[in-house]
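I opened a new notebook page for this chain.

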Amino acid sequence: MNVQSKGLIARVAAIVAGALVYLILIYRYGVDWYWAFALGALVLVVLQILLLRMASSDGR
């Protein structure tokens, strides 16, 4: 699997995780939508950075 497809998988995984955090915070804990959006976006950005860094590493 090349780096480009790993990067795509990392982006999709980060988006799904951010959306899940958003939905869980709203429907399970009753958090206001703007706080849930902010925390979901934060999770999205952090995971995307970490996963893209892992995807682009050469295994050393």
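My entries follow, from the whole chain down to single residues.

**Overall form.** I am working with a predicted model. I looked up the secondary structure and found two helices and zero strands. I then checked the radius of gyration, which is 14 Å. The globule rule gives 10 Å for 60 residues, so the chain is more spread out than a compact globule. I also took the box along the principal axes: the C-alpha atoms fill roughly 45 × 15 × 15 Å.

**Burial and surface.** I looked up how much of the chain is buried. Buried residues make up 15% of the 60 residues. The accessible surface comes to about 4800 Å². Carbon and sulfur atoms account for 70% of that surface.

**Contacts.** I looked at contacts in the chain with a separation of 6 or more. Of these, 59% join residues 24 or more positions apart.

**Helix H2.** I checked the length of H2, which covers residues 33-56. At 1.5 Å a residue, its 24 residues should span 34 Å. The end C-alpha atoms are 34 Å apart, so the length agrees. I also noted that Ala 36, Gly 40 and Ala 55 are buried in H2.

**Ala 14.** I turned to helix H1, where Ala 14 is found. Is Ala 14 buried or exposed? Its relative accessibility is 0%, so I count Ala 14 as buried, the cut-off being under 20%. Which residues does Ala 14 touch, leaving out those up to four places away in sequence? I listed Leu 44, Leu 47, Gln 48 and Leu 51. I also looked up Ala 14 against Ser 57, 43 residues apart in sequence. Their C-alpha atoms lie 18 Å apart.

**Nonpolar patch.** I searched the surface for a nonpolar patch. One is formed by Leu 8, Val 12, Val 16, Leu 20, Ile 24 and Tyr 29. Together these residues have about 600 Å² of accessible area.

Leu 20 is found in H1. Its relative accessible area is 46%; this falls between the 20% and 50% cut-offs, so Leu 20 is partly exposed. Ile 24 is found in H1 as well, which covers residues 3-27. At a relative accessible area of 45%, Ile 24 is also partly exposed. Last, I looked up Ile 24 against Ala 38, 14 residues apart along the chain. Their C-alpha atoms are separated by 13 Å.

Note on methods:
Residues numbered from 1 in each chain as written. Predicted model: local features only at pLDDT ≥ 70, side-chain atom pairs only at ≥ 80, totals over all residues. Heavy atoms only, no water. Helix = DSSP H or I, 4+ residues; strand = E, 2+ residues; numbered from the N terminus. Buried < 20%, exposed > 50% of the residue type's maximum accessible area, 1.4 Å probe, protein only. Rg over C-alpha atoms; globule rule 2.2 N^0.38 Å. Contact = heavy atoms within 4.5 Å. Areas by Shrake-Rupley, 256 points an atom, 1.4 Å probe, with all protein chains shown as cover. Patch = residues over 30% accessible without salt bridge, like charges linked within 9 Å, V, L, I, M, F, W, Y side chains within 5 Å. Salt bridge = Lys/Arg side-chain N within 4 Å of Asp/Glu carboxyl O. Expected span 1.5 Å × (residues − 1).
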